[in-house]
Amino acid sequence: MERVIVCLKPVPDPQAWHRLRLDPRTKTLLREGIPSIINPLDKHALEAALAIKDVYGAEVVLLSMTPESAEPVLRQALAMGADRAVLLSDKAFAGSDTLATARILAAGVCRLGSFDLICCGNFTLDGSTAQVPSQLAEFLGIPNIMHVTGLEIPDWGRWVITQKIEQGYVKLTAEPPLLLSFTKEANRPRYTSFLEILAAEKREIVVWTNADLKLDEGQIGLKGSPTQMADFIIRKKTRQGLRLKGSPEEIAQRLAEIIHQLGVI
Amino acid sequence: MDFRLTEREELLRKSTREFAESEIAPRIGAMEETGDYPVDLLQPMAKLGITGIIAPPDLEGVGLGYLARTIVLEELARVCAAVPMGIQVHHMAIAALNDFGTEEQKKKYIPLLAKGETMGCVAVTEPSGGSDVLGMQTSAVLKGDTWVLNGRKCFITNSHTSDFWVVIARTGEGPKGLSAFIVDKDAPGAKTGRVEHKVGLRGSNTGELVFDNCEIPRGNLLGQEGGGLGVALKTVSESGRTGMAAVALGILQACYEEAAKFASERVLYGKPIAALQAINFYVAEIYTDLDICRLLCYRASWMKDQNLRFDTESAMAKSYTCEAAVRSAKKAIEIHGGYGILQEYKVQRLWRDAMVTISAGGTGEIGKVVVGRAALAPFQKRG
């Protein structure tokens, strides 16, 4: 059976962002007590997978590296129509940067077995690095297409992908297996029906720890992360007032100069 | 005692909120202007499970029960109360048919309602009033194998958007002289009358039903002959009051959000007005009312799900929540100052919508009669 893996990340609910704090030592987000939502672009990745399931009957498997407390978020994604979920959760994974995260996800994908497609969101709402999809594809040795706005599958061996580029769009053809990173233009995620919510209660969420993945602890978590945050600064937004004096012509002249100097025009 | 909602209930809330914000919010302007119910939303709502939430699964329903229904109605009303107003009455029709219908009647009508192929309604109120049920004058007389109905029903929610109506009519004298009937809108002599133009819940359809020698088959009697009062009271008390309360609860939630947001953003004297204690207290009062009402509404629905008697609790939830919604909307308007009475701001609609909930589904006063009776019962002298 065809298999589509959807990488999913629970991110802090924007409505609770005002309560978010940073750990002064590790410079990472303190997520405890902050409600999570499915990373918005991951929903578009999931919808793309479910659309394939609707037509081809592919199995849709969710894969997420997150603490076990994020299980309700996975349950919601299951209720959208995914078949099962795998949660990669271990204290050893904590503090992973994008490289270590991609390494852990790749190990999860390998343990799942064969697959045809991995769907990711183009970036996540919290980190916004957009690095994990490419790193994951690199670890797995498969092509990665970012900024996907459309996917057509005329036949299973030939996929037509629309990619957004700076000046417009390009159409690419690719053969599975591959990894696609979806933008919000790609589709409109379906609503979760109440019957699906009931059905999802019976769907499986398995937890794999590092005992299952057997990764070298020096290559995962904080220890295995080459990215170390040196410091963080909260950007201050201030307004500066400037009073110009002189005749209207002089003021206009001066104003034009300032606008030029600031590079506004 | 565990007050937390289950994961399932939280997901229902999330799913309904997403739907309401995306599909219903853009329609509010048109509803306010035309007063028309967005009937084309019935199918998407049915797909989600909203229309059939309390209908049994073997009759195309979801079978989730009343607490789930309250959460869903609340979430819809948070965005636009007119839509769940129609839905909660639609649920009343499902409840009446499920509680009193024959197997044949259930199979014929409930799947249509659960799948959102039509709306349902329950018609009790007449021009002479709704609270005085026994004073109703619409009559039904059996002639051979046909019931012949004559009379008029008014203030009927979904009157013009339903394909059939559950109608209570007089078949004899006294409390046992009322019976319930299923009337197809195309039955000879059945027609819809005027549509009411309400101050609030503009998008929910309210109107008249007229029966002029209306003929329906003998088999359209719902429940026992003479059992109409029971159909009306059970349906209004159980699904009607909990439904109306849930709609008012959603309005209250919206009042809180609008009031807190405006108070935090509007700057006077160099700081947000939320820092002024008079405003702060208003928000605190709205927030407290919201919590009280949520507990009252959830408890009443939960009792229904547990098959406990809950007529007092449903009346308490309905009368208290609807009044709390009105006073909270008024406070929210006051927090907004002059902006509060502008049509561009949501709070004026919340107040208009809340006002309509007071008299609908059993007036606030009737609710208090029920609660007062229960409160005094332990102290009343016998005989």
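Q: In E13(A), which residue is the bridge partner of Leu88(A)?
A: The general idea comes first: strands of a sheet pair through backbone hydrogen bonds, either parallel or antiparallel. Here the partner of Leu88(A) in E13(A) is Trp208(A). This is a predicted model, in which local features need pLDDT of at least 70, side-chain atom pairs count only at pLDDT 80 or more, and totals for chains, interfaces and linings use all residues. Residues are numbered from 1 along each chain as its sequence is written, while chains are lettered from A and ligands numbered from 1 in the order in which they are written.

Q: How many bridges join strand E7 of chain A to E13(A)?
A: Two strands pair if DSSP finds at least two bridges between them. Strand E7 (residues 84–88) of chain A is joined to E13(A) by 4 bridges, and the two run parallel.

Q: How many helices and strands does chain A have?
A: Helices (H or I, at least four residues) and strands (E, at least two) are DSSP runs, numbered from the N terminus. Chain A has 7 helices and 13 strands.

Q: In what order do the 9 strands of the open sheet lie?
A: In chain A the order is E11-E10-E9-E12-E8-E1-E6-E7-E13, with mixed pairing. Strand E11 (168–174) and strand E13 (205–208) of chain A are the edge strands, each pairing on one side only. From one strand to the next, the twist averages 30°.

Q: Which strands does helix H1 of chain A lie across?
A: Axes are lines fitted to C-alpha atoms, for helices over the stretch in contact, and angles run from 0 to 180 degrees between N-to-C directions. Two residues are in contact if their C-beta atoms, placed from the backbone, lie within 7 Å. Helix H1 (residues 40–56) of chain A lies across several strands, among them E1 (3–7), E6 (59–65) and E8 (117–121) of chain A, and runs at about 150° to E8(A).

Q: How many residues does the contact take from chain A and from chain B?
A: The contact takes 11 residues from chain A and 15 residues from chain B. On the side of chain A that touches chain B, helix H2 (71–80) and helix H5 (194–200) of chain A are the elements that give two or more residues. The largest share of that side, 4 residues, comes from H2(A).

Q: What does the domain assignment of chain B give?
A: Domain bounds come from an automatic or database domain assignment. For chain B these are domain 1 (7–118), domain 2 (121–229) and domain 3 (237–376). The C-alpha centres of domain 2 and domain 3 of chain B lie 31 Å apart.
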